[in-house]
Amino acid sequence: MAVTTKTKRDFPLDRIRNIGIIAHIDAGKTTTTERILFYTGKTYKIGNIDEGTTVTDWMEQERERGITIVSAAITTFWTPKSGPFANQETRINIIDTPGHVDFTAEVERSLRVLDGGVIVLDSASGVQSQTETVWRQANKYKVPLIAFSNKMDVVGADFLGTIQSARDRLGANALPYNLPIGKENDFKGVVDLLTKKALVWEGDQTGASFHEAEIPSDMIDLVNTWRDKLVEEIAGTDDTLMEKYLGGEEISVEELKKALRAAVIANKIVPVMAGSSLRNKGVQPMLDAVVEFLPSPQDVSEITGTNPKTDQEEIRRADPAAPLAALAFKIQVDPHVGKLTYIRVYSGTLKSGSYIYNSSKDIKERIGRLMLMHANDREEIEEAYAGEIVAAVGLKDTITGNTVCDEGSPIILESITFPDPVISLAIEPKTKSDQEKLAYAMQRLAEEDPTFRVKSDADTGQTIIAGMGELQLEVLVDRMRREFKVEANVGQPQVAYRETVTQAANGEGKYIRQTGGRGQYGHCLLRIEPLPRGQGREFASEIVGGAIPREFIPAIEKGVVEKEDTGLLAGYPVTDIRVVVYDGSYHEVDSSEIAFKIAGSLGLSDAAPRADLILLEPIMKVEVTTPEEFLGDIIADLSAKRAQILSTEMRGNARVVLALVPLAEMGGYATAIRSMSQGRATYYMEADHYEPVPSNITAKIVESSGFTGRVEH
């Protein structure tokens with residue numbers, strides 16, 4: 001149970017840190033977060049994942065599975081004992097993000113609104129696949145990072161090897177900020193390279209107390225070598241320090257820390273710290289580093305957006321007196337207060353009970369209440385200022401990625417983009433009373449999770465839900481049952497294929513109906529062209545001279561889009577296609593929007609057979625970690641699954657196989673890999689790209705789909 005205290009509301013901006021804890025699954029993010037909460041006095045007892053007593057993993061499913069599913073926001077405080085921020089209490093807003101790739105949306109939206117992050121690395125495994133993914137996500141939003149090399153107590157822990165893998169695989173300028181004293185069972189502390197002080201944890205099981213000691217004699221040369229490298233790198237980011245360094249002058253620790261802070265914020269250096277969260281060692285120096293080197297809202301003070309009235313770029317500064325600009329980045333259904341909208345305030349002040357303007361949707365909404373979140377505990381507040389992350393109650397239509405602001409100074413901030421689903425399944429309610437509850441539950445869950453999509457299959461009448469992976473859909477169905485009391489039958493997971501064209505073709509759509517009185521007339525000529533992979537869809541008009549009146553062009557586009565959604569070959573959405581309407585005709589009396597909409601759909605269907613339609617399938621990046629003796633069997637099995645083996649490498653005592661495998665071949669792989677390796681191999685999978693399906697498999701899919709390609713009208 002979290003301890004809810006009244007939070008001080010008058011914190012200066014330079015003493016606030018908005019950070020995220022990000023990493024590969026099982027690297028120790030939640031354990032690290034629990035230690036932070038314990039050492040900062042937020043909890044009286046250290047939470048344990050195995051016992052289901054963690055604060056940030058509060059959902060039943062999270063505690064049962066021992067994984068993080070939703071990012072949890074929590075506010076805490078830390079006062080460094082030394083350094084430039086010594087004895088200054090700093091407020092830290094932490095978001096503990098999921099590591100599992102199925103919940104990638106949680107990481108994406110958290111990074112969009114954070115000022116800095118702690119990337120947790122596994123000292124025995126180095127940089128893993130999901131680490132690369134979250135690193136790319138952090139880079140996309142230019143989030144400054146420090147790294148925590150966790151699990152220094154486990155067999156095979158290699159601190160410098162982990163740093164080298166970060167340099168090799170991430171292209172990061174990762175440098176040790178401290179060095180571990182001992183490793184595996186002998187890990188007992190760290191040496192701070194800048195101050196050359198050894199910190200040793202002994203005796204206290206909770207790790208709350210540690211003492212300074214002399215650097216072990218066998219480490220002095222190593223400490224000096226790495227300190228020189230660190231000082232050289234820091235000096236290289238600052239002209240004044242570079243002059244001192246080249247002149248052989250001594251650079252003070254204060255100057256080095258100030259320059260290192262600037263280098264971290266500019267994404268030039270990633271300092272790496274050693275520790276073991278489970279054994280309660282090394283967390284406090286990492287907290288000091290969060291305060292000392294990660295940015296405050298002031299350091300990333302400018303946010304750029306677009307004025308919806310003028311389409312001009314505008315800048316907002318982190319000033320509570322400036323016009324309001326804030327981004328809604330997460331929706332959560334709370335059983336006690338209803339719908340919570342998580343908001344990052346970039347400028348201005350957000351007030352409880354006030355009206356705000358949603359510039360993304362051009363609507364006004366009223367904020368009922370404002371909350372500071374402590375995982376699933378809440379604390380009501382009256383105002384939220386620039387730089388803060390809060391939750392609002394009462395916003396009905398605001399969704400993830402929407403900007404809220406002052407109506408008099410409108411701005412639209414860069415939204416958040418999410419990947420398309422790669423897997424789907426059919427779901428149907430067991431009883432009539434479950435029907436309405438199911439629709440409500442799916443609407444609520446789709447609001448919460450932007451990668452969760454719901455659609456109805458017109459041919460079968462079934463409801464299809466789609467997402468990023470089997471685990472995500474399993475958890476969502478489980479939540480429907482528990483939270484919304486919906487009983488439903490669920491089909492087998494299906495691969496989300498896509499259709500596309502490989503050559504240009506022309507088509508004609510003509511819809512003429514005469515039924516006495518006024519008829520229907522729509523006629524258009526279309527050209528379809530392939531687009532490069534991953535480009536999506538485009539629609540353009542080359543109509544000149546009024547062959548088709550301008551007001552009917554959107555109707556043609558609507559018909560084309562509807563047909564693209566329902567498919568041309570096997571009933572899957574069409575992508576990477578450009579459709580151009582270049583000619584046509586109309587009737588003064590009989591032409592209507594509905595007629596041109598049907599004509600657009602008919603035109604696309606007419607052109608499709610000549611455009612060499614193909615199916616695309618999602619290709620997954622799969623990383624298998626296995627003991628050496630099972631390597632041959634695992635590679636042979638992957639090859640039988642149409643896999644492209646990219647590499648095999650040693651990581652600690654294990655072999656790691658990296659491959660690209662079609663998702664269609666990966667059904668039941670968790671069971672298969674367990675039986676192949678006596679339960680000792682593990683695998684990780686994430687969506688990578690789409691690729692054409694071999695023609696013999698395409699024929700089977702088209703045949704089994706029973707798709708007719710007919711146009712409904």
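Where is the place of T575? T575 sits in the loop between helix 12 and strand 34 (577–585). Helices (H or I, at least four residues) and strands (E, at least two) are DSSP runs, numbered from the N terminus. The model is predicted: local features need pLDDT of at least 70, side-chain atom pairs count only at pLDDT 80 or more, and totals for chains, interfaces and linings use all residues. Residues are numbered from 1 along each chain as its sequence is written, and side-chain values use heavy atoms, with hydrogens and water left out.

T575 has a relative accessible area of 16% and is therefore buried. Buried means under 20% relative accessible area, exposed over 50%, and partly exposed in between (1.4 Å probe, protein chains only). Leaving aside neighbours within four places in sequence, T575 is in contact with R498, E499, T500, G536, R537 and L616. Contact means heavy atoms within 4.5 Å.

T500 in turn stands opposite I614 in strand 35. Strand 35 (residues 613–626) is mostly covered, with 13 of its 14 residues buried. Strands pair if DSSP finds at least two bridges between them. Strand 30 (residues 498–501) pairs with strand 35 in the antiparallel sense over four bridges. Ten bridges link strand 35 to strand 38 (residues 682–692), again antiparallel. M620 has A687 of strand 38 as its bridge partner. Strand 37 (residues 654–662) also runs antiparallel to strand 35, and eight bridges join them. Here I619 is partnered by P662.

I543 lies between strand 33 (537–541) and helix 12 (553–566). Its relative accessibility is 18%, so I543 counts as buried. I543 touches I548, I553, V581, Y582 and D583, not counting residues up to four places away in sequence. I543 and Y582 are 39 residues apart along the chain, yet their C-alpha atoms are separated by 5.1 Å.

Nonpolar cores were also identified. A nonpolar core is a set of buried Ala, Val, Leu, Ile, Met, Phe, Trp, Tyr and Cys residues joined through side-chain atoms within 4.5 Å. The largest has 77 residues. Those with the most contacts inside it are I19, I92, V118, I146, I234, M286 and V290. Helix 9 (residues 283–293) gives the most to this core, with seven residues. M286 is in contact with T32, I36, V118, I146, F148 and M273, leaving aside its neighbours within four places in sequence. Apart from this core lies another, of 43 residues, among them V486, M620, L631 and M676.

Helix 9 also meets helix 8 (residues 253–265). Their axes come within 9 Å and cross at roughly 80°. Axes are lines fitted to C-alpha atoms, for helices over the stretch in contact, and angles run from 0 to 180 degrees between N-to-C directions. Helix 8 and helix 9 are therefore roughly perpendicular (65 to 115 degrees). Helix 8 contributes K257, L260, R261, V264 and I265 to the contact, and helix 9 contributes V291, E292 and F293.

Elsewhere, an open sheet of three strands has the order 13-12-24, with antiparallel pairing. Strand 13 (313–317) and strand 24 (412–413) stand at the edges, each with a single partner strand, so one side of each is left without a neighbour in the sheet. Two bridges connect strand 12 (residues 302–306) to strand 24 in the antiparallel sense. The bridge partner of G305 in strand 24 is L413.

Terms used
Angles under 35 degrees count as roughly parallel, over 145 as roughly antiparallel, 65 to 115 as roughly perpendicular and the rest as oblique.
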